[in-house]
Amino acid sequence: VAMSCYRSGHSLYFNPEDHVMKQWVGNLASDLGLNFGTTFDPNSVTGGDLEIFAVRGRHVSPWHFDAQHNFTVQLQGSKRWTIRA
């Protein structure tokens with residue numbers, strides 16, 4: 001169903017379960033030498049969140065505020081960021 005929606009031009013958003021986020025956020029932060037103010041243990045709360053977006057074509061998010069810092073990995077294409085003070 002997800003691939004059918006994606007191929008039809010819809011954006012996909014995934015927010016994995018906590019045990020998946022703990023593993024990936026903790027391992028990524030550890031590999032990058034980041035600590036986000038906490039000790040990284042795959043079995044503890046890491047203080048991070050993992051969100052995955054799959055977008056075909058142009059996608060615009062409305063103005064919003066994120067409660068945490070962001071680390072973005074883009075695999076293909078380009079992205080334009082506009083930041084307001």
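Me: Where is the place of Val73?
Reply: Val73 lies in the segment after strand 2 (52–54), strands being DSSP runs of E with at least two residues and helices runs of H or I with at least four, numbered from the N terminus. This is a predicted model, in which local features need pLDDT of at least 70 and side-chain atom pairs 80 or more, while totals for chains, interfaces and linings use all residues. Residues are numbered from 1 along each chain as its sequence is written, and side-chain values use heavy atoms, leaving out hydrogens and water.

Me: Does Val73 count as buried or exposed, and why?
Reply: Val73 counts as exposed because its relative accessibility is 58%, where exposed means over 50%, buried under 20% and partly exposed in between (1.4 Å probe, protein chains only).

Me: OK, and Glu17, where is that found?
Reply: Glu17 is in the loop between strand 1 (12–14) and helix 2 (18–32), and it also counts as exposed, because its relative accessibility is 56%.

Me: Changing topic, what pattern does the protein chain follow?
Reply: Read along the sequence, the pattern is α-β-α-β, with two helices and two strands in the protein chain.

Me: How much of the protein chain do buried residues make up?
Reply: Buried residues are 8% of the 85 residues in the protein chain.
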